[in-house]
Structure formats: structure tokens, C-alpha cells
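We will go from stop to stop, selecting a few residues each time.

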Amino acid sequence: MFPSARRVRGKYAAGGTGYLEFGSPLPEFVQALALDFMSPARSVLDWGGVAVQVGSVTVQQPPSFAIGRARLRTANPVHLSAYRQPEPGGEQTPVRALLPEDPAYPVALERNLNRRAETFGHSPDVTVEGITWVGVRRSFRVTGQGHSGHRTGTPVEVELSGSAGALSALWSAGLGQQTGAGFGWVTA
């Protein structure tokens, strides 16, 4: 985030002094990334064509979530898609973006979070207890891996329950789909 950068419609602007956040529920990955950024040979990071001079690196540990409950708010939109039921042997195809006002949204979000928790080695026991805040809807053009298109979502704040490990992993990895493209990052 670059608070002093000149705003550009439809894009996250970069310029001046700011900070970048990278997240992963895999501590080994975070440590390797931090060590690489702290290397004297790596003083400039090419971040999507923007030269970012790395001044310092801080590794932030996730909250413990010992009571098995979390209230997570995203800094940017959460993207979720509704899918068409596939024919036997076929693949699911996205039909439209889901937004928090859609009745299917909490169910789709819960499924997404449980798949993520399971992917990172935690029990898929995450429950969406409620959506407590909804931000402004935004749409972005995303390209990569041979695909492109618009992704729509809104920042949200959700109350979750589940195992402490699963909630910590979700805090680190983000909520919803396409977190690698910058969607659904949880505020620290």
C-alpha cells in the first residue's frame, strides 16, 4: 500500500514510501521470502513492473485464535464465483460472481474456507457465523496463466469459528478465490 501514490482509476497505485504485504500459512515459505528480501543482493524487487526498493522486512505471526473464533476484515475485495453443475466427467465452470447479498454467498464462502483449511493441513471445520460488514463493490480486470477477465467482489468482515490452526491459516492466506491475484487479503 502506498498512501502517497497518485490515484489511478481501476488500479492500485504504487509510488513513494509504502509497504507490501505477502502472506502464507506456510512458515517455511514466509521465512525463505523474508531471508531473500533481507539479502544485500536484493535491494530492489520487481513487483509487476514496478521497481520497489526494499528497506526492511518484518515477519508478522498470526493471532492464536485459541478460543476458536475470529473476526476477519479484508483490505480488498473477496472474489467468489457461483458454478454451474458439471455433466458427469465434466469440469465446473464459473457462471457469475457472488456478492454478500446473494443467499448462496455464506455457503460458498464457507466451502472455500474449508477447502483452504484442508489444503493447509487443518480440519475443514470452519463455520461462517455471520457477515458483519460489507464494503464497496469493485471489479478488476485480471490476466494470467492464459486466462483473463473481470473479477468482482467486495471487502467484507466475517465472524468465523473453527480450529485455531485453520483460523490462523485463513488469516495468513486470505479469504475467497484468487488471493494470489490480490483478492481477499485480511487486514492485520
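**First stop: the largest pocket**

By class, 28 nonpolar, 10 polar and six charged residues make up the lining of the largest pocket. Keep in mind that this is a predicted model. The volume of the largest pocket is about 1,700 Å³.

Now select Tyr 12, Trp 47, Asn 76, Ala 181 and Gly 182. These lie nearest the centre of the largest pocket, out of 44 lining residues. Next, colour helix H1 (27-38) and strand S7 (138-144). Each supplies at least two residues of that lining. Which element gives the most to the lining of the largest pocket? S7 does, with five residues.

**Second stop: the second largest pocket**

Move on to the second largest pocket, which holds about 1,100 Å³ of space. Select Leu 20, Glu 21, Phe 22, Val 57 and Thr 58. Of the 43 residues that line this second largest pocket, these are the closest to its centre.

H1 gives the largest share, six residues. By class, the lining of the second largest pocket has 25 nonpolar, 17 polar and one charged residues.

Select residues 105-119, which form helix H2. How far apart are the end C-alpha atoms of H2? They are 21 Å apart. That agrees with expectation, because 15 residues at 1.5 Å a residue should span 21 Å.

Now pick out the buried residues of H2: Tyr 105, Ala 108, Leu 109, Asn 112, Leu 113, Asn 114, Arg 116 and Ala 117. As you look at the spacing, recall that an α-helix has 3.6 residues a turn, so residues three or four places apart point the same way. Then click Gly 121, which follows H2 and has a positive phi, near 85 degrees.

**Last stop: the largest nonpolar core**

Select Leu 72, Leu 113, Leu 160 and Leu 175. In the largest nonpolar core, which has 23 residues, these touch the most other members. Colour the elements that give two or more residues to this core: strand S3 (69-73), strand S4 (80-84), H2, strand S9 (156-161) and H3. The largest share, five residues, comes from H2.

Finish by zooming in on Leu 72. Leave aside its neighbours within four places in sequence. Leu 72 is then in contact with Phe 65, Val 156, Glu 157, Val 158, Leu 160, Trp 171, Leu 175 and Val 186.

Key. Residues are numbered from 1 along each chain as its sequence is written. This is a predicted model: local features need pLDDT of at least 70, side-chain atom pairs count only at pLDDT 80 or more; totals for chains, interfaces and linings use all residues. Side-chain values use heavy atoms; hydrogens and water are left out. Helices (H or I, at least four residues) and strands (E, at least two) are DSSP runs, numbered from the N terminus. The expected span of a helix is 1.5 Å times one less than its number of residues. Buried means under 20% relative accessible area, exposed over 50%, partly exposed in between (1.4 Å probe, protein chains only). On a 1 Å grid over the protein atoms alone, a cavity is a set of points where a 1.4 Å probe fits but cannot get out, and a pocket is an open set with protein on both sides within 12 Å along at least five of seven lines; lining residues have an atom within 4 Å of a point. Grid points are joined across faces, edges and corners, and a volume is the space filled by probe spheres set on the points. Ala, Val, Leu, Ile, Met, Phe, Trp, Tyr, Cys and Pro count as nonpolar, Asp, Glu, Lys and Arg as charged, and the others, Gly among them, as polar. A nonpolar core is a set of buried Ala, Val, Leu, Ile, Met, Phe, Trp, Tyr and Cys residues joined through side-chain atoms within 4.5 Å. Contact means heavy atoms within 4.5 Å.
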